[in-house]
Structures are given as structure tokens and as C-alpha cells.
Amino acid sequence: MGNQVSLFVTCMVDQLFPKVGIAMADVLERLGYRVDFPEQQTCCGQPAYNSGYRAEARTVARHFLKTFQASETIVVPSGSCTAMVTHHFADLFQKEPETLALVHAMEKKVYEFATFLTEVACVEDVGARMEDVVTFHDGCHALRELGIKSAPRRLLAHVKGLELREMAPAEECCGFGGTFAVKFAELSGAMARTKIDAILGTGAHTVVSLDPSCLMQIQGALSRAGLNLRTMHLAEVLASR
Amino acid sequence: MSRDNILHKVRTALGRSAGQAVADVPPVRLRLPEVAMEDRIALMRSRVEALAGKTARVPTMDAAREFVAAAIAGKTAVASNAPYLEECGIAGLPGVRSGIREVAELTEVCARVDIGITSADYALSDTGTLVMIASPAESRLVSLLPPAHLAVVPRERILTGLDELFTLLPDPAAQTSSMVLITGPSRTADIEQILVRGVHGPGQVTVVIVG
Amino acid sequence: MSAEFDLKIHDTLADANLQLAIYTATGRLKDKRIEVTADDRLPDYQELRTQANALKKHAIDNLDHYLEEFERNVEAHGGKVVYCKDATEVSDFVLDLARRRGARLIVKSKSMTTEEVDLNERLEHHGLESVETDLGEYIIQLAHEKPYHIVAPALHKTRYDVADIFTKELHVARETVPEKLTLIARGVLREKFLKADIGISGANFLIADSGAVVLVENEGNARLTTSAPKIHIAVAGIEKVIPRAQDLAVFLKLLARSATGQLLSVYTSFLAGPRRTGEVDGPEEFYVVLLDNGRTKLLPDRSKRQSLYCIRCGACLNACPVYRKIGGHSFPWVYSGPIGAIITPQFMGVSHEPALPFASSLCGACGEVCPVKIDIPKVLLELRSDVKKSEAREGQNRIEKLAFRVFAWVMTHPRIYELAGRMAGSMAPAGDGKWIHSVPAPMSVGPMKAWLSQRDLPPSPSRSFREMWRQR
């Protein structure tokens, strides 16, 4: 495999958290990768898929497949959007064998950011430094669909000056869930507040995750509660020096 | 009738025809570990005790009788018709009713006495379980109605676990209408998750291992 | 979403005592399950799950074969099998048998299937006394409620609630200690057991090759229900059949561990027919009611039929962050939690409560703990699609449908997407880099209002990623 990687930054990072995408590109470049950004990219289609609109999700998924067809390796700063491509695109194209073949080819090329670092780049120490006490929030799709548990922790363990404290329970959902967060706002808010109790229990100052959507939910609830904690994407932590 | 209607619906939904054979039955999964008898006994005892049951180990049938005699002193008891209890001399101990073969009498006695004495058909060491197979020798109610259950088990009946039980008895229905696995005293946690023993079945279980 | 569903969720979230009770109880059950399924305690846990899934899949894919085999074997042991298509047929069968035998008093052991068909209410309506004997079920029967949780029906009741119920319904002196409350129930119910004419149980498993009914419990009430009265009737869904007695070695290892964190439940009864010649006690008549009640509707879809693999352990409820907030009674039917969210729409139709499959963050905790590996999140997603198809047919929810059409169009036109993003960014209130607490009234509608009802909103960055990238 060459050292060219394409970024799929996700619509959320593009529109709301661009610094996460820049941080991810910085880290990759520091490791010697040449990074490109296919300009046609938009979204993976998950909002439509999770809302029951499969035809619309299929349309967006086709656009993704076309956009990244030429890319050799695609790195994504989100477990959830990665899982949409690697675990759910196939469901959408069960009746289209030709597209399904494209999906299966794509599944092998798409990597969540932390997994790419530990499994493809084979690094755990990216030379980052951040003096802070942090806790790590497992995004549900990263954890349960992609089986990502140790990779981000190994990467954080090598960040100089950083202390990682685990939440109890670490694996419970933050309550985001896409349109769930607004369809069942009160319930979603209650789940976020339970998550925040777990975060506060660690005494950490910063919450780190692989998923911008979880971080938006957690930061939104922290901010609403008037708590002075910050949230950071793993890429931002690893870009610090 | 609903029978044919339901079966027809099932077949239509599954795309099967009446009497069609089944293919690719998953093979039976039974694993038989080799565990030395002394280790089985030790595990059996620790499992039963972890559930707040009591255990005792006695060397001989005579010692079993003496243990039971001391355990039931001052109390009333009913014994099952198990030949082993007879051979140990337990069925004939003073204060023990035994040899009951009529259901009304059995119910009345079991509802009244303090202790029910049985000889379990098997025991499963890795879960601390007694296996009770209904027969002329073992009824259902002796291990169920009295507030305490005392089982006298010769050591050779201690199996490693469920897998060994179902290897020995591939179809328990071939020999009985009722096989009950008893794992510790009757319990509930239905009120605030607080553990209470002796709800409907015996609150005390004692396993006496002979040999 | 129906107003009722919305209100029940709101009321449960607003009840601090109830929140604590649900969270503590499910947390304890969850922790115990984790402990006894850990690698050092059950090294072949994942293998057992795989085997259990394969067995259930096989049994459901060949359901007619195993039902007929089960029926033959029950009859060979002197029992009878009665197929019932719905609630009415079940109660008619029991009422008719009771009438013919002159029976008045029925004792019942815990069964979700009989809850599903409101059997107690139907029998009592016809003058029979039908008493629940599992302590939790007895409490909620006296309180005239439905089970709050598949394995812990009275999870939402405190000892003081139980004391009030017993004092009012049983006219006994008020006790608040759980041991004493349990003793009161034992005393009342012991008398019922000894007088009862009929015992009705559910079934955890039906064994095709033995014609046996398997019951799993901790209290001993199911043993009494099936041993003391002269007649035993087991009421079971048709999906409960498994091929062989030997398969129990797989399922029993998973069931108690997943449900309550026990290695085995206190009592596992394997019952095949009435008392045999020479046996001293046991029922003289043995019936198995095989209930459809909508189950056959789940069979045609090859994916969704896995919903019928459920062994009712309740592990998905304890793991579910949604159940742990909204509790059991917010759900529209007797089956609650993630499994309730997938079977209710299939039994009752998706329009019964169209919001139900959406009441999930799709976190996947349910699928991860399911001992028979039902892919609950996948079925939820399929049901969401079914709901949208049904709404499209009925011409409902047109604005949302339009919004997603626009979404798909924008997301396949990158220039429009970029322009739309810039417009949205320019309209967003300036937060000076701080998170936004509120927006002007005209903007505070729909999803924006819902988001801000609970959380702050991220400030819009001055440039999108693609703009930053171009200038890099």
C-alpha cells in the first residue's frame, strides 16, 4: 500500500468542527502520508438510513461510492460514519449485485482514524504532548460495530503529560443517536446527564472521543450544565505537541 | 381447527411443505471435562455453600445415618422411598415418616413436617445442583413442601455438570414425567432486589455426600 | 409519536424515586451478568451464544416440523397439545376444561405469554379465581398492573409500596421488611396451592424430541403449580420449541447467567406428561397450549423472524440506556425494552406505536448481550424503514419525507451542499466561539428547539473544513 490517503471528514466535521479534520490531516502528514481531500464528498447517508429512509440513504451512499472509488485508502474521524460504510452500505444494496461488489471493495479501504494509526500505520506514539487529565468516551458504533476498544487508549497512553482515567460505566451511550436526539429530546438529554455524572466521577478536565457527534452531545450538555470541561477529538489530542 | 390453520400458516411463511424433512441440524454440543472425584466433591460443596446451602461429607452409610439422626433431632421429617435411604437406615430413624405411596397422605405429611429427606439421583458439581427424577422412589413434594430439604448423595452420583447429565440421559422423558434440577435454597429478590430465601420451596438445603 | 407514549416517558423521567429504582435494579442485574459471563468464569460464552443462535435459527426455520414432533411426543407420554390462534381461544380452552372438571381455583406461575393474552382477567371475568404465585407477579396482580420488567415484574415497587398493597388487598398487619412481606405471601399462597384445581404455567422451552416442557424459576412456585393441582396446563408461544433435550445444556448455561447472573436458576423443571404409573405425585392431566397470537406474522421475513429466538432473559432491558431511563410501563405492550421494541410492532402492526422503533439511540448494547444473538439494532432499522413505507402509503409525515428528499438531493450536489452550509453558517447566531444557549424565537422550532431544550449548540465555525483545506 502506498502512502497516499484520502480524507472523508464527514459532513459534521466539515460544517461544524473543521479543526478536527485539520488535526487529523496534520497527524497523518507528520507520519509521512500524503493526504488528499476529494472535493465531491458530502455525507455517508446515515441520517436518512437511521431514520428509515432507505431510498434516500441509497442515493447518498451511491454518491459516496463514486466519490471515493479512485481512493486507495480512506480515513474517517468517526466510528459511526465508518460503520455506516463498512457495516450498513451492504444492507442497502442487497438487490444490486454490481453495486454490492463496489461496496465490498469499499469496505476494505475505509478506516476509522485510530484504527488506521494502530493497524495500518502501525504506530502508537505519534509524538504528541498534552498536559491534562482526560477520560475517554467510547462511541457506540466504534465500540460495538467496529470493535474498537484498545486502539485509542494505546494512542493516548503514549501522549506525554497525559493521564487517562476510565469512566464507570465507560460503555454506556451518551444519548446522541442522530435524529433520536431531537425526536426524543428529553430522554436523550437525560442520557447525556447520566454520561456527565460518569465523566465528573473521574475528575478529568477533558473528554476525548473518536466521534464528533458524541462530543457535540456531551459538550452541549456540559455547556448547558455550566460545567467548565472541554471535549476534544482524538485527532486534536494527537496533533498537540 | 386452529391446529391445521396454524401449521399451514407456519409452512406457508417458511416455504415448507407438510412432512418435509429438516436439513443441517446443528450437531449436539456436549463437552465432557475430566475432573477427579475429589475435585468434583470440593467444587460441589463450595457451590452449594456459596448459595447458603449446607454440605457435609461422611465416610460411610452408617455415618450418614448418624449425621441425619443428629440433624433431625427434635424435629419431624419425611423420607422419600429411595432404596438408598432404606439401606442407610435413614428411612427407619425415629421421627421419620417414610414409605408413603398415596398422594393425599404425602401432601398432608409434607406440608406439616420440618424436613424432607431425599437421595438425589445425580448431583452436578460445577453448579452445585441436585437432580431429582420422579419415580416410585422419589416424589416431587418431599423436596418441595417442607421448609428444609436434606439430600443424601453417594459420591459416585456426582457428575461434572449439565453436559455429563445430558450425555447420560439424552432424553429424560424416556424414564420420568419430571426431572427437577435444584440449585440451592428457594429464593426471591422481587422486593427491592433484596435476597430472601425460602419463598415457596425449602429455605434450607443440606447436601450430605457419602464416601 | 402518540401523546400517551410521550407522556409516559416524560412522567417516568420526572419521577426521581422511580429513576433511582430502575437504574439501581437494572445496574445490579447487568453487573452480575457481566461477572458470570466473563472469560475466566465462562470461557466458552461466545461459542455457546453462537450455538444457541444456530439452534434457534434452525428450530424457527423448520418450525412446523418441530411442532409436530413435539406434539407426537407429548401425546406419547399421555399429554395433550392444544393449538390456539389467539387470546380468546386460550381462555375458551381453559374455561371449558374448568367447567368440565368443576374447577374454581387456578394457581399460576410466571408467564409472559399469559400476560400477553390477559389470561387472568379473562378467567376472573368468568368467575374463576386465578392467582399469580411468583412473588413479583403476585404483587403486581394485587396492584392491578402489568409487569414492569420481563424477569423482575415488580422492579418499580418499593417495600413501602408492597406494604401498602398487602395491607389493602390482603387485610394483614402492615409490614415493611422484605423477609416478612415474603412470609405473608408464602402463607397466603401455600393455602392456594394446596386447594387449587388447576395449575397454569408458561414454558421456557418446549423439547421436541422429548415432548417436555421446561420451566426455570427461583422461588419454587412453578414446581408447586405443576406438582400440587390435578391438572397442569402449560401455555407457550409456538416459537419456544427446540430440537433436543440435549440442547438444554447450551440454553440453560446462558439463560440464568443472562437473566440474573446465576449459574443456574434454583429450579429447572423438565416435565413430560402427567404422573406415570408408580410415581407418587404429580398432575393427572397435562396440557400444552401452543399459542400463535401473531407469531406466524413474524415468520415470512428472513431477517425479522429472528425476533422469535428470544428466550426472555431480560438482559437487553438491563443493558439498554433507554429502558434504564423510561422503564417498563412507558412501552405500549407487555414486552418492554429492546426486545419489546422489535416484537411489539410486528405483533400489533407498525402503526400501533410508530415511534417505538425510533425510541433507541442504536447503541447496540442489546445485541451485544443477547444470549441467542438476536441482532436487535438491525431489526430496529428494518422496522424504521417499514414505518416510513407505511407512512408513505398513508400519506403521513409528508414534511419529514420531503426533508429527507431534499437532504439526499443536497448531499449528491456538492456545490449546493457547500452553499447551503455557508447560508446556514451565516444565519447562525454569533457565539464568539462559545456554545449557544438559545436562538431567536423564529428559529427556535422543530429540531433546533428540541436540541436546545436539553443542550447548547455548537457555534458555527467561520470557515468549513473544505474552505480551510483550500487555503491551506
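Start by selecting helix α5 of chain A, residues 79-92: this helix lies across β3 and β4 of chain A and runs at about 155° to β4(A). Keep in mind as you click around that this is a predicted model.

Strand β3, residues 74-76 of chain A, pairs with β4(A) in the parallel sense, over three bridges. To see one pairing up close, pick A:V76 and look across to its bridge partner in β4(A), A:E112.

Zoom out to the whole sheet. Four strands of chain A make an open sheet with parallel pairing, ordered β2-β1-β3-β4. Colour β2 (34-36) and β4 (110-112) of chain A: these stand at the edges, and each has a single partner strand, so one side of each is left without a neighbour in the sheet. Look along the sheet, too: neighbouring strands are turned by 35° against each other on average, ignoring direction.

Next stop, chain C. Colour it by domain: domain 1 covers 37-293, domain 2 covers 297-396, domain 3 covers 398-427 and domain 4 covers 428-472. How many Å separate the centres of domain 1 and domain 4 of chain C? Taken over C-alpha atoms, the figure is 55 Å.

Last, go for the cysteines. The count of disulfides over all chains is zero. Select C:C310, which is in no disulfide: the nearest cysteine sulfur belongs to C:C316 and is 6.5 Å away, whereas a disulfide would need the sulfurs within 2.5 Å. C:C310 counts as buried, at 8% relative accessibility. Then hop to C:C370, also in no disulfide, with the sulfur of C:C313 nearest at 6.4 Å. C:C370 counts as buried because its relative accessibility is 7%, and the cut-off is under 20%.

Terms used: Residues numbered from 1 in each chain as written. Chains lettered and ligands numbered in written order. Predicted model: local features only at pLDDT ≥ 70, side-chain atom pairs only at ≥ 80, totals over all residues. Heavy atoms only, no water. Buried < 20%, exposed > 50% of the residue type's maximum accessible area, 1.4 Å probe, protein only. Domains from an automatic or database assignment. Pairing = 2+ DSSP bridges. Helix = DSSP H or I, 4+ residues; strand = E, 2+ residues; numbered from the N terminus. Axes fitted to C-alpha atoms, helices over the stretch in contact; angles between N-to-C directions. Contact = heavy atoms within 4.5 Å.
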